Amino acid sequence: MLKIGCHLSASKGYLHMAKEALSIGANTFQFFTRNPRGGTAKDLDEKDVAAFRDYAAENGIGVILAHAPYTLNGCSADPAIRDFAARTMADDLRRMEHTPGNLYNFHPGSHVKQGAEAGIAMIADMLNGILWEDMTTTVLLETMAGKGSEVGSSFEELRAIIDRVELKDRLGVCLDTCHLSDAGYDIVSDLDGVLTHFDSVVGLERIRAVHINDSKNPPGSRKDRHEKIGQGTIGTEAILRLMTHPALRDKPFYLETPNELEGYAAEIALLKEKWS
Ligand code: FE
Ligand code: FE
Ligand code: ZN
């Protein structure tokens, strides 16, 4: 069965998100753990969490994906900014144990002139400080577009981070189709080649989620501007080939396209109809 959802607002809580997901034909969803700019998180509402867990079980809502604020930078040159990223992520991960067994995705960070190698070391250090042995959440490194000095736009950089983390089995990867294309990976005409490369460097078993976005920009542009499915440089056919690929078809897929709910509902309906 296709696992598909989109990014939803968390402002009305978990149960509301689950109901909203169902109303647009989704069976999973993604949300920001707090204000995407990284403010303080609302107190966790235990009643809402309990109601969500029942509702999700009854309605077949599978694994959900929490997204860290995108402004966190665990490899900033400024120790206060690194510390803020570590504390925020540690707090998110503690809260996520109230909804056990789900996924937490983050952008590895931007090394800002320190070089990728220094960035990789700092990101791994941060993870080593916040992961713990019996946590139930899997933490995902997102493949990045390579905008500015982003770390994680190559499979080799992701591998280098994973290599330095002690609790490797708590880690996975979230592919993002817009970011892959913008980073120069040819998922339109050589998907097999890209996945073979990923397998040899990182291992396909690390892929735990996929962001499905079209891109406003040509392959290799390193821009990171998402487009609606079928209206960008990747196209519906290439997205569907990726979603039905034997290595990826069982993964949960999340739309992060520039849409309101109706637009997401239409994209989900289209992809469900064509996916087999
Ligand atoms: Fe992201
Ligand atoms: Fe993404
Ligand atoms: Zn993006």
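Mentor: Buried means under 20% relative accessible area, exposed means over 50%, and partly exposed lies in between (1.4 Å probe, protein chains only). This is a predicted model: local features need pLDDT of at least 70, side-chain atom pairs count only at pLDDT 80 or more, and totals for chains, interfaces and linings use all residues. Residues are numbered from 1 along each chain as written, chains are lettered from A and ligands numbered from 1 in the order written, and side-chain values use heavy atoms, without hydrogens and water.

Trainee: Why is His 179 called buried?

Mentor: Its relative accessible area is 1%. The limit is under 20%. So His 179 is buried. His 226 is also below the limit, at 19%, and therefore counts as buried.

Trainee: Why is His 179 with His 226 said to tie parts together?

Mentor: His 179 lies in helix H6 (residues 177–182) and His 226 in strand E11, so the pair links parts 47 residues apart in sequence. Helices (H or I, at least four residues) and strands (E, at least two) are DSSP runs, numbered from the N terminus.

Trainee: Which residues coordinate the iron ion (ligand 2)?

Mentor: Glu 142 (OE), Asp 176 (OD), His 211 (ND1) and Glu 256 (OE), at 2.0 to 2.2 Å. The spacing of these donors is E-x33-D-x34-H-x44-E.

Trainee: Why is the arrangement around the iron ion (ligand 2) called irregular?

Mentor: Check the angles. Four donors are tetrahedral if all angles lie between 85 and 135 degrees; four are square planar, and six octahedral, if opposite donors are over 155 degrees apart and all others between 65 and 115; anything else is irregular. Here the four donor atoms subtend angles of 84 to 171°, which makes the arrangement irregular.

Trainee: What makes Glu 142 a bridge?

Mentor: Glu 142 bridges the iron ion (ligand 2) and the iron ion (ligand 1), which are 3.3 Å apart. Glu 142 lies in strand E6 (residues 138–142), and Glu 256 in the loop between strand E12 (252–255) and helix H9 (261–274), so the pair ties together parts 114 residues apart in sequence. Glu 142 is at 1% relative accessibility, so it is buried. Glu 256, at 14%, is buried too.

Trainee: How do you know that Arg 159 and Asp 163 form a salt bridge?

Mentor: A salt bridge needs a side-chain nitrogen of Lys or Arg within 4 Å of a carboxyl oxygen of Asp or Glu. Arg 159 and Asp 163 meet at 2.8 Å, N to O. That passes. The two are four residues apart in helix H5 (residues 155–164), so about one helical turn separates them. Arg 159 is partly exposed at 35%. Asp 163 is partly exposed at 39%.

Trainee: Why does the pair of Arg 241 and Glu 237 count as a salt bridge?

Mentor: Its N to O distance is 4.0 Å, and the limit is within 4 Å. Both residues sit in helix H8 (residues 236–244), four residues apart. Arg 241 is partly exposed at 40%, whereas Glu 237, at 63%, is exposed. Elsewhere, salt bridges with shared partners join Arg 34, Asp 91, Asp 92 and Arg 94 into one network. The structure holds seven salt bridges.

Trainee: What makes the second largest cavity a cavity, and what lines it?

Mentor: On a 1 Å grid over the protein atoms alone, a cavity is a set of points where a 1.4 Å probe fits but cannot get out; lining residues have an atom within 4 Å of a point. Its lining is Phe 155, Leu 175, Leu 180, Ile 187, Leu 191, Val 194, Leu 195 and Leu 242. Helix H7 (residues 191–201) gives the most, three residues. The volume, the space filled by probe spheres set on the points, is about 30 Å³.

Definitions and conventions: Donors are N, O and S atoms within 2.8 Å of the metal (3.2 Å for Na, K and Ca); water is not among the atoms, so sites may look incomplete. On a 1 Å grid over the protein atoms alone, a cavity is a set of points where a 1.4 Å probe fits but cannot get out, and a pocket is an open set with protein on both sides within 12 Å along at least five of seven lines; lining residues have an atom within 4 Å of a point.
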